[in-house]
Amino acid sequence: MLDGVEPEPVVFLITGPMAAGKTTVARLLASRFPRGVHLEGDVFRRSIVTGREEVTPDLRPDAVDQLRLRYRLAAAAADTYAEAGFTVALEDVVAGPLLGDYRTMIRRRPCHVVVLLPSIQALAKREAGRDTKGYGAWTIEELHAGFAASTPRVGIWIDTTAMTPDATVDEILARTRTAPADPPEGV
């Protein structure tokens with residue numbers, strides 16, 4: 001219970017470039033609810049064992065189709081958990097106009113979009129400390145600049161450069177209590 005009241009299930013769609021802290025923040029956020037689920041969108045990408053098309057700067061049509069499939073599957077899973085009474089922290093790399101598409105795939109309302117965008121220097125430091133490297137075909141600077149320039153300013157944007165994961169979750173909860181969530185479809 002938060003504030004002595006059992007919360008209605010909510011979906012948080014958490015995005016940002018690789019190494020922004022999405023996984024850590026989503027797991028912590030889900031743990032703040034009596035019934036919380038952390039969903040990694042990337043699990044749906046990794047589930048494709050053969051025939052997977054990776055997202056690269058040239059963005060082949062098959063890669064875009066698989067990306068949209070991944071988003072649809074993750075959105076359906078988030079909705080299903082929410083319908084069962086769980087608050088969901090769904091995290092994935094969603095950049096550019098696809099963010100608008102993804103958030104409309106999630107039917108559950110409220111749905112809060114949260115964008116984590118630390119500085120390039122913070123991303124570089126975090127990426128260097130990770131076991132798995134995510135940037136591959138891009139430089140950190142290219143992806144950060146592209147993400148910031150092409151992603152619509154929807155939801156809550158947080159510069160997490162100097163924030164701990166717990167402070168980031170506190171900020172998300174504070175701001176989503178006062179910010180309007182996405183309205184139901186058609187409103």
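User: How do I read strand pairing, and which residue in E4 stands opposite isoleucine 14?

Analyst: Two strands pair if DSSP finds at least two bridges between them. Strands (E, at least two residues) and helices (H or I, at least four) are DSSP runs, numbered from the N terminus. Here isoleucine 14 stands opposite valine 114 in E4. E1 and E4 (residues 111-116) run parallel, joined by 5 bridges. The model is predicted: local features need pLDDT of at least 70, side-chain atom pairs count only at pLDDT 80 or more, and totals for chains, interfaces and linings use all residues. Residues are numbered from 1 along each chain as its sequence is written, and side-chain values use heavy atoms, with hydrogens and water left out.

User: Which strand do 4 bridges join to E1?

Analyst: That is E3 (residues 87-91), parallel to E1. Valine 11 has valine 88 as its bridge partner in E3.

User: In what order do the strands form the sheet?

Analyst: The order is E2-E3-E1-E4-E5, an open sheet of 5 strands with parallel pairing. Strand E2 (36-40) and strand E5 (156-158) stand at the edges; each has a single partner strand, so one side of each lacks a neighbour in the sheet. Neighbouring strands are turned by 20° against each other on average, direction ignored. Axes are lines fitted to C-alpha atoms, for helices over the stretch in contact (heavy atoms within 4.5 Å). Angles run from 0 to 180 degrees between N-to-C directions.

User: Is E1 enclosed or open, and how do I read its faces?

Analyst: In a regular strand the side chains alternate between the two faces of the sheet. Buried means under 20% relative accessible area, exposed over 50%, partly exposed in between (1.4 Å probe, protein chains only). In E1 (residues 11-15), 5 of the 5 residues are buried, so the strand is largely enclosed by the rest of the structure. Val11, Leu13 and Thr15 are buried on one side, Phe12 and Ile14 on the other.

User: Where is alanine 124, and how exposed is it?

Analyst: Alanine 124 sits in helix H5 (residues 120-128). Its relative accessible area is 32%, so it is partly exposed. Alanine 20 lies 104 residues away in sequence but 9.7 Å away in space, C-alpha to C-alpha.

User: What does H3 lie across?

Analyst: H3 lies across E1, E2 and E3. The helix runs at about 165° to E3.
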